[in-house]
Amino acid sequence: MSRRQNELEPFGGRADPAVSLGGVVVALVGRSVRFPWTTVLLSLLVTAAALWLLVTRFALDSNVTRLFPQDLPWRLAERQMEQAFPQRQDLILVVLDRTTPSEADRDAEALAEALRARPQLFRTVRRPDAGAFWRQHGLLFLETGEVRAVTERLVEAQPWLGTVAADPSLRGFAGLLRLMGEGMQRGETPPERVRPILEATEAAARAALEGRVAPPDWQGLMTGRAPAPLELRRLILVQPALDYGQLSSGADATAVIRGEAARLGIGPIRLTGPVPMADEEFATVADGAVESTVVSFVLVGLLLWKALRSFRLIWPLLTLVVLGLIWTGGFGILAVGRFNPLSIAFAVLFIGIGVDFGIQYAVQYRAERARAGGTSDALRAAARTAGPGMTLAALAVASSFFAFMPTDYKGVAELGLIAGVGMLIGWWLAMTLLPALILLARPRDEAREVGYPMLGPVDEFLSRYARAVAVLGGIVALGCIIALSQLRFDTNPINLRDPGAESVATWRDLARDKDTNPNTLDVLTPGPEAAAALAARLGALREVARTTTLTDFVPADQEAKLALIEDAAMLLGPTLVPGTEAPPTDAQSAAALRRAGVALGGSVGEALRALAAGTEAQRATFAQAILPGLADILGKVRDMLAAKPVTLESLPEDLRADWLTADGRARVEVAPASLPGDETEQLRRFARAVQTVAPGAVGLATSSLESSATIEWAFVQSGILAVVLVMVLLWLALRSVRLSLLAVAPLALAGLLTLAHCALLGPDLNLANIIALPLLFGQGVAYDIYFVAAWKQGRRDLLASPLNRAVIYSAITNAAAFGALALSPHPGTASMGVVLSMSLVYSLLCVMLVLPPLLKLFASRS
């Protein structure tokens, strides 16, 4: 049968459009073989221009909010909140946990002051739990019974506070201890009343003898209760100047924060918030990318060796990959300007998929070389044989990527444009540069058939039992559809990050308490009255743990509380006046400690006498443990006894600015309740419940919910559009609805198998690995097209053919390239690598075992 007859018969005498399309490939390869050096030179010139673009104009925009159009309803609500309260955006949250409140205050204030001295790097540095207002009025925010207990305790401590206030030195403190000892000797001071102070003093003294600083908890000793965990924690809100041109936009700021803490001897500190979490995520992705890229190239190189068995074929193919990456990167700069965290993934996609066309052509060349003999003739013959399928596959894969472009998910829309053009670049280089390089490389003759003759019996089996295999495929598809009821979609972006990262672990630690939970939602209202009314409605929801508005900073029952404070101030005020006595010498301090030790006796007295007999450095260490906290508690007592009535108008301006805009709009903050279910489900229920009352609520929970919906709809849109585009393309090329449907049927089964695997065995679908589904379609349809094109050309031993060798090694190479992503320390990237590799395996199995029987049963016969 002549080649012309072979082209006409499947179409009733009409020319085969697919073969006509492949004629373009034959012409391109023919010209490249005729003028190899010219082809190489022109390719290098284009490469130089693209490389110049990459070197001089490469830019990265790591601002993830720009991955979505800014006019989406939920983004408009977020932007409105950002504009109303700009000081609350892009924050680094510094968390300090200490053993005493006084130590926590000192460290937090020292670090905050150091950061405020760097205004060029930090726009704002605030301590929401500190400041003159809280020192003076903090007591008013306790319950009335607690205020009574604290003031009574302070009145009881009047003699001791007065003694230390008159002489706030080690000598004065030792004098206080001596008075306690003498009072117990006379029976005037009950031992149980002073036991906590003496025990804390003994611990500090023995630590000082060992060279350690062990400050007592003076606040707990004064109030008579142990501090709550939140009283030992201090928060600093830092708003850095971000550089979105870096992958980690806040890296400079976090480095300075840690550096200042180290310089001041403050530690440990923990950093969390949107900026550190994004930085750590990008850093984790970048670290994993280096390892994954190295592993990917090694695996691809080994598999190329297995597929091609010749270094003279492998180096042209690797050259194609490198030049294709450069060309695609250059196009990306011209097309979108700045790459985003998703569009930069074009490199991985090109390595994984773009190399497919080169593998198809190189393997077919080996087959033709074994038959035709000469290099030039084999290159042209490979173009005639593989050209139609390769061209159709390239257009189909590019179309599946281009289907992302009309969606609202800007991140993958730009990725779709760049990757789609990258596929066409990969095809172009495979049809021009690769033949020229193979010709110049002068590979050896092929000694044997490069297909898999041993798979001939499998071809026969699938042909003989085609109906049974098709029925079995239908049963498997039905089982997969049933399993889809167990499929889960994780919309929580926190789960895509390394759970061991400091920012993520700290974020979850804060989320355990309703008062520090960062997973809050904010609602903008017309004013304070509207905010209070909305807060009441939201507070009634089961999914809400607390609501906060500006009015919550006006304490309740102030009259009774202020009366208690005023009574205490009348008794304590005169005794808290600082003394004017000169600071003691070390000898005076030692003598005072010795007298205190004698008066107290017991183990406390023994520790104090040892300290008096010790070195000056030991006494200085003891003073460092005792005096700062004591001075701080005295200052706090003076301030709290000066409390005044608090009104909305008297609240500090920086506090009001966090809750009230200049034009009078008020913010409501809503924290989630702890409910049954995992974190993702809790946040989803919380967001939906709040949105039923306040549709304009914004925050992590709603942004996760809305962005996930945007992403899901983008993939639905792109999936439908990709199917339509590919089906139209297949029909135009094949002129047969039946063949077009057959080309995508195994792909549908592979998709069901992938989803069923995720549903039954994991991993859950998430915002990262969902990209595997359109990639499965784009890559899988290429394999199907290769088989359909070969079938149309009259080949029935599909599994035994060189084509199958190319498809197998293409799939394995792609799976290896993507599978290397599974080594990434970033959970989202790792899950994407797992799902991509798994989907490619299922795609390969379906195209090899299901498509041939379907073609036997339903395709037109030659």
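View 1. Leu-732 is partly exposed, with a relative accessible area of 44%, where partly exposed lies between buried (under 20%) and exposed (over 50%), taken with a 1.4 Å probe and protein chains only. Leu-732 sits in helix α29, helices (H or I, at least four residues) and strands (E, at least two) being DSSP runs numbered from the N terminus. A nonpolar surface patch of about 850 Å² includes Leu-732 together with others, among them Trp-713, Val-716 and Trp-731. Two or more residues of the nonpolar patch come from each of α29 (700–734) and α30 (737–761), and α29 gives the largest share, 7 residues. This is a predicted model, in which local features need pLDDT of at least 70 and side-chain atom pairs count only at pLDDT 80 or more, while totals for chains, interfaces and linings use all residues. Residues are numbered from 1 along each chain as its sequence is written, and side-chain values use heavy atoms, with hydrogens and water left out.

**View 2. Two cis peptide bonds.** Gly-267 is joined to Pro-268 by a cis peptide bond with omega near -5°, and Pro-268 belongs to the loop between α12 (251–263) and β4 (270–272). The bond between Gly-762 and Pro-763 is also cis, with omega about 0°, and Pro-763 lies in the loop between α30 and β10 (765–766).

**View 3. Asp-90, a residue with positive phi.** Asp-90, which is not a glycine, has a positive phi near 55°, and this residue lies in the loop between α4 (73–84) and β1 (92–97). Asp-90 counts as partly exposed because its relative accessibility is 34%.

Methods
Patch = residues over 30% accessible without salt bridge, like charges linked within 9 Å, V, L, I, M, F, W, Y side chains within 5 Å. Areas by Shrake-Rupley, 256 points an atom, 1.4 Å probe, with all protein chains shown as cover. Salt bridge = Lys/Arg side-chain N within 4 Å of Asp/Glu carboxyl O.
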